[in-house]
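Here is a short briefing for a first look. Start with the sequence and the model below, then read the points by topic.

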Amino acid sequence: MICPICNALIPLKVSCPDCGSVAEDEGRWSDWSGPYSPYEAAGFVGQREAEVADDAICQHAVRCIRCGAPFTVEIAAWHV
Ligand SMILES: [Zn+2]
Ligand SMILES: [Zn+2]
């Protein structure tokens with residue numbers, strides 16, 4: 001199972017839930033969930049990557065390019 005976003009196979013196409021603008025990928029969510037994550041201050045405390053049970057889902061941190069709102073998206077991994 002591979003994540004098409006991590007492997008740059010397809011572009012990430014998500015819209016900001018706040019303003020509807022394009023949001024850009026900021027990498028795997030797990031890379032952002034450290035103790036000094038900028039998302040800690042942005043209201044993401046309490047979101048747990050532990051919910052992602054296996055590699056069928058790759059959770060990505062994304063940020064709206066217009067309003068800067070951070071959120072997460074779950075990318076369905078591909079069978080190869
Ligand atoms: Zn990924
Ligand atoms: Zn936005």
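C19 has 30% relative accessibility, so C19 counts as partly exposed (buried is under 20% relative accessible area, exposed over 50%, partly exposed in between, with a 1.4 Å probe and protein chains only). C64 is buried, at a relative accessible area of 3%. This is a predicted model: local features need pLDDT of at least 70, side-chain atom pairs count only at pLDDT 80 or more, and totals for chains, interfaces and linings use all residues. Residues are numbered from 1 along each chain as its sequence is written, chains are lettered from A and ligands numbered from 1 in the order in which they are written, and side-chain values use heavy atoms, without hydrogens and water.

**Zinc site**
- C16, C19, C64 and C67 coordinate the zinc ion (ligand 2) through their SG atoms, at 2.2 to 2.3 Å.
- Donors are N, O and S atoms within 2.8 Å of the metal (3.2 Å for Na, K and Ca); water is not among the atoms, so sites may look incomplete.
- The site of the zinc ion (ligand 2) is tetrahedral, with angles of 101 to 123 degrees among its four donor atoms (four donors count as tetrahedral if all angles lie between 85 and 135 degrees).
- Along the chain, the donors of the zinc ion (ligand 2) have the spacing C-x2-C-x44-C-x2-C.
- C19, in the loop between β1 and β2 (22-28), and C64, in strand β3, are 45 residues apart and link distant parts of the chain.

**Sheet**
- Four strands form an open sheet in the order β1-β2-β3-β4, with antiparallel pairing.
- β1 (14-15) and β4 (70-76) each have a single partner strand, so one side of each lacks a neighbour in the sheet.
- Strands are DSSP runs of E, at least two residues, numbered from the N terminus; two strands pair if DSSP finds at least two bridges between them.
- Seven bridges join β3 (residues 57-64) and β4 in the antiparallel sense.
- Q59 has E74 in β4 as its bridge partner.

Methods:
Four donors count as tetrahedral if all angles lie between 85 and 135 degrees; four count as square planar and six as octahedral if opposite donors are over 155 degrees apart and all others between 65 and 115; anything else is irregular.
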